[in-house]
Every structure is written in C-alpha cells, then in structure tokens.
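Thanks for coming, everyone. Let me put the structure up, and then we go through packing and rings.

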Amino acid sequence: MDITQFYQAFFEEADELLNEMEQRLLRLDLQTPDSEDLNAIFRAAHSIKGGAATFGFTALTDTTHLLENLLDRTRHGELKLSTKMMDSFLETKDMLQQQLSAYRDGQVPDPKTVARICAVLQQLALEGHDGAATAPAAAPAAVAKAPAAAAALPVPQPGAAAAVGAAVVPTLKVRFTQVSENDQKLLAEELANLGTVLAQTRDANSLTLWLETACDTDDLVAVSCFIVETDQIEITTELPGAPVAEPEIECLPLPASPVAVPVAAVELPAPAAAVAAAPAPAVTAVAATAVAAAAAPGKESNSIRVDVEKVDQIINLVGELVITQSMLTQTALTLDPVLHERLLSGLGHLERNARDLQESVMSIRMMPMDYVFSRFPRLIRDLSAKLGKQVQLVTVGKETELDKSLIERIVDPLTHLVRNSLDHGIETPQQRALAGKDPVGKLTLSAQHQGGSIVIEVSDDGGGLVREKIMAKARQQGIAISDDASDDEAWQLILAPGFSTAEVVTDVSGRGVGMDVVKRNIHEMGGHVEISSRQGQGTTIRIVLPLTLAILNGMSVKVGDEIYILPLNYVIESLQPLARDLHAITADEQVMHVRGEYLALVELHKLFQVANAVPNPTQAIVVIVQAEGTRFALLVDQLVGQHQVVVKNLETNYRKVPGISAATILGDGNVALIIDVAAVQRTNREKMARR
C-alpha cells in the first residue's frame, strides 16, 4: 500500500498539534504548571512521533522522542520547569515546524540543525538526571523483593500488592478490531513505547494486548488514532492481581534482571487450573464509545477535512444559482400577479431558499480570529524579551469570524502592527515607572463585527504618536501637508512609503516600509486603516475589512446607459446638489460644499468616459463616500437600488481596469462593474496634485 497518500493528513494534524503545543507551553506557570497542559503537550509530542515513525520521517521521530522523554519526566514531577527549559521547548517546536515543512516539500531536514536541537534536548536530560540522581537510590532494594513476594503468592489478591512495597502500575487490556497484519505490528510497537506489554494475542483481523502503563486511556487512543479509528478500540482496566491472560495467550519473554520484572508479570506462566480457580477479575469496563469521546480531539468526530478548492467550487455554483434566481425574478416582474400567483409565490420561496443556501455555504469559509491571534503570544514573548520590555497581551473577540481568504492575508499586516507597537509604542519598564505607569505594558488585539464589516484593532498603552515629530518628518521628506491638518490626517502620514520617525534602524523596525505594506495589503483586501492616538496614553490602529470577498452589499448606480456597483461600506449618504453648493476650481475640476466642508467632486462619466450621461450636475445625484480617511463626492445619473451581488474576478476573465475592482452579473444577465472607491480617490488626488 502506498502510504504517501496519507502524508497530507499527517502534515495538517501535526501542524495543529504543534500550534496547540506552543499555546499550552506559553501559558504554563513555571512554578505550578497545570497537569492537564503538561499531559496535552506530552500527547501532542507523542502523537507526532508516532505518525513520523509510521511514515519514516527519521529526523522528526528522533527529535520528538527526546522531547517526549523530557515532557514525560516533567509531567511526573521528575524535572522542574525553568525558563531555560521553556526556551528550549519552544525552540524545539520551531525546529519541528521546520522539519515538517522540509518533509512536506519532499526534502530532508538539515542534519546539522537536527543534531544541534537533539544535543540541546540531551543536555537538558543530563542536567535533569544530575539533579535527581539521589532521589531514587532506595528504589532498587524495594523492587528487588517483588519476585519473591510474587512467588509466594501465585495468584495474588487485590490487597497483596500493597505489601510488596513498590507501587503497582495499572494493567490495561487493549483490543483492536478490524486491523490488518501490518497495522497490528505498528500498534504493538507504538503501545510498547507507552509501557510494558505483558502479553498479546492476534488473529486475522484483531489484536489484544495487556499493557502495564502509567498512561491513561486518553494517551493510548490519541496514539492509536494515527493508525485506526476510535470505534476500533476497546479498553478495559484490570485491577492488580487479576489474571491478565487466557491460557492460549502467547507470553512475551521477560527481562532477565529481577529488578525490572513487574510484579503482575510473574503470574503469566500460571497453569490453567490456577487461572480458573482465581477469583473473577474485578474489571472496570470502559466502553469504546466513551473512550473515543474522551480521547478524540473535540471536533474530530463532528468535522471532516475538505479541500478549499472544493468549497470554492460550491460557492461559485451557489453564486451562479443566485444569479439565475435573480434573472427569473426580474423576468417574473412582467407577469400578471393575479394570473401567475402560484409561480410568483414559488419564485419568492426560491429567492429566500437561495439566500439561506448562500449564507450557509459562505459560513463554511468563515474562520475564527483566534487562528490569527494565537500566533502572537510567542512573538510578543520573544520580542519583548529582546527589547527589554514587559508586555501583557490581551485578546478580545477571538471567536469573531472572517473569510478564510482574508484571515490568511491579515496575518502579515497584524504582525507589522504588533512589532511596531512593541518597538515604538510601549516604553521600557524604567520609562513607564517615571511616567507613573504600570511597568508592564498592555497590548490589546480585538475583533468585532460592525454591519457587513469586521473591525480589528491593535491598541497599546504606550507613549502615543507625537504630532510635532511626524509633521517635521513629513516636511523633511517633502510631503505636502497643512499645519492646520487634523490629527487624523497627520496620523495617516505614518502609512506613507518610506516614512519613519525612528532615529535608529533596528532589525525590528525603523526602515519605513512596514506600515506602507500594511496599508497596501489592507487596501487590496477592500479595507482601510484608521489611526487614533493620544500622546502619553497610547495608540489604536483600526483595520476595517469586508467579511468576505465573494459576496458584496452594493448600491447600483446608473451613469449614461451603464450600471455600476458602489460597495455599501464606502457609502455615507446621497443627495441632489444645488447650484450654489458647486464651485469650480479649474476648467474641469469642481468641489462641493456639504455642511461646512468642501469635498472634491468626481464625475464618473468623465472618469470612465461614458456617453449619454446627464451633463448638468444639479439634475444628477451625488453619492458621498469615504476612502482612506478622506471623504469626496461621486456624481452619478441616478440611484437604482441596493443589492447583494456575487463578486467575479475581472482580471481572471478579462484584464485589470483602472478604478474597477471586480464585476458581477445582474438579474437581467448584463455585467456590472464594481467601482474601486479607494482607487478612484487616489486617481483624483494624484490628478489634483499634478495641477
């Protein structure tokens, strides 16, 4: 059988396990670590090791084996956590991620890197052994008495184990059904890593093992699930002293050293008569379904992995269905409602069902913001230590959902903003103490829905932006801005290409490229950036994005004989201009006076060269829009209505058109272009700057 077909499933699951491992490591209290976190970290490492061994990923197997041993000793209290150990664990996680990426690309991980991280883990293990060398000194003598005690009691009673002196490890009976011979070998090898296999029996499609182990059923199922399904596993717990095998079980060879012989193992050669005469074993039954529910990851039994391309294909098909439904509805408007009452009623039901189907399918692509926020505790921990700062991360709205295509593209912009807040915003503990602040700075990441958009904020309680410093830097770089400009306009300067007020360029920030990248990426996603700041109190940067790029709430407007779509999240209001509010500044440029503010007037028929448009602005309609922090007026012939439209990529099907972001198909089958409001604003601003 070709096992390479299972590679992708392993890579995805290993990625999830590594992310979980990092999150749990970061929240561990070094003094009083949570036992559940330690067990979960151990299980993650062991599961990755089991899968890596199955697929022959040697470097990954060796590294996780060393890490697993350290974690096992830690969770059993044999090793005490320290900052050095935690740093090594996190570094190991990074190395495992690199190894995983190498195997995913069909390459072999760098042997020198693998050897170095293995040496680090081995050194930690040696240091742990040195510290705990005296603790188990008396143990061998106590264990050495075990064989004699067992020999005197061929069939020990449940209470006899206490007299032996050594703690008895529980024996678990593990049965796997519907497994092939190869899988039986893999399962036996995996479980042997978790304890001592006392006996085992096999037939054509099942395997039964008696395992002496300190691991719980969760650990066993988590490891076995790489090879079999949870409903193929049955586990029962047998009390000490209970017979562990039926007469036909083939006994495994036992170690020669009396020290290593487990007490319960001495019973194995007992004759059948002795076994038959023994009291009925006291077995605590653990139903397979209960084990599966307890051990399987929370969503594993209720979810499936589906390729994103398949989801996108469904979304496209549903979009086509919605367009077809719109065509039918528009055609039905010409019918007599009395004669065609049933048909029109059915079309109404179709419209509602199509909308519900569209929303349900779109929800499949939605992912929680926790997918993004969970990346930053590690970044903040490492960077704050490097900068000599103390920073507390607070996250709000982790469950807020965003389209998968956007959530993956928002990571880089947020990373730039977080690094800037740490480097430029939050002060050192000494500076904060002098300012009367808590030495520990606070960085807040929040997300919330507002209408059809999502608002993501990065806030810090640092020193804030200094207006005078920003204005001086702008003049130095030749950026034209009035001294009377509002704070909002001044703050937007930090998003300009090459703009930085940092006096020293570091490897963290200061080159003036990060914020420009943030602005450009957000605009490409159909969003915009807002900045607010108070000197000495902190800065908040807001990113406003549409929830999805596949569906758009838009206002359809008519210019000449053409229909255009304006995204509703840019629209503020619409009105009919009066002659006294229009003022010419050049031969072909006008501004409009709206409630004490002069707004640039952009005539769409001139911008897109549309014929048969209304020539007189006072007979047309003005739509006030806002993009990139600036308001301006768009002149159109008339408003048609509001629609939820399916977005079609124009570049894929045609070519890039200036001022146009995408296209859609209307109910009458015609194509309508979706206006890129931000691009129109930039084009108009550049035209005015050239004049």
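Which residues have the most contacts inside the largest nonpolar core? This is a predicted model, so keep that in mind. The answer: Met-369, Val-372, Ile-410, Leu-414, Val-418, Ile-456 and Leu-545, in a core of 47 residues. Helix H18, residues 411-425, gives the most to this core: five residues.

Take Val-418. Leaving out residues up to four places away in sequence, Val-418 touches Phe-376, Leu-379, Ile-380, Leu-443, Leu-445 and Val-458.

Now the rings. The count is ten aromatic pairs. One of them is Tyr-7 with Phe-11: centres 6.0 Å apart, planes at 55 degrees, so tilted. These two sit four residues apart in helix H1, residues 7-26, so about one helical turn separates them. Buried or exposed? Phe-11 is buried, at 3% relative accessibility. Tyr-7 is partly exposed, at 23%.

Tyr-7 also pairs with Phe-55. Here the centres are 5.3 Å apart and the planes at 85 degrees, so this pair is edge-to-face. Phe-55 counts as buried, at 14% relative accessibility.

Step back to the cluster. Ring pairs join Tyr-7, Phe-10, Phe-11, Phe-55, Phe-57 and Tyr-103.

Last, charges over rings. Arg-75 lies over the face of Phe-42, 3.7 Å from the ring centre. Arg-375 lies over the face of Tyr-371, at 4.9 Å.

Methods
Residues numbered from 1 in each chain as written. Predicted model: local features only at pLDDT ≥ 70, side-chain atom pairs only at ≥ 80, totals over all residues. Heavy atoms only, no water. Core = buried A, V, L, I, M, F, W, Y, C linked by side-chain atoms within 4.5 Å. Buried < 20%, exposed > 50% of the residue type's maximum accessible area, 1.4 Å probe, protein only. Contact = heavy atoms within 4.5 Å. Phe/Tyr/Trp six-rings, centres within 6.5 Å; stacked < 30°, edge-to-face > 60°. Lys NZ or Arg CZ within 6 Å of the ring centre and 35° of its normal.
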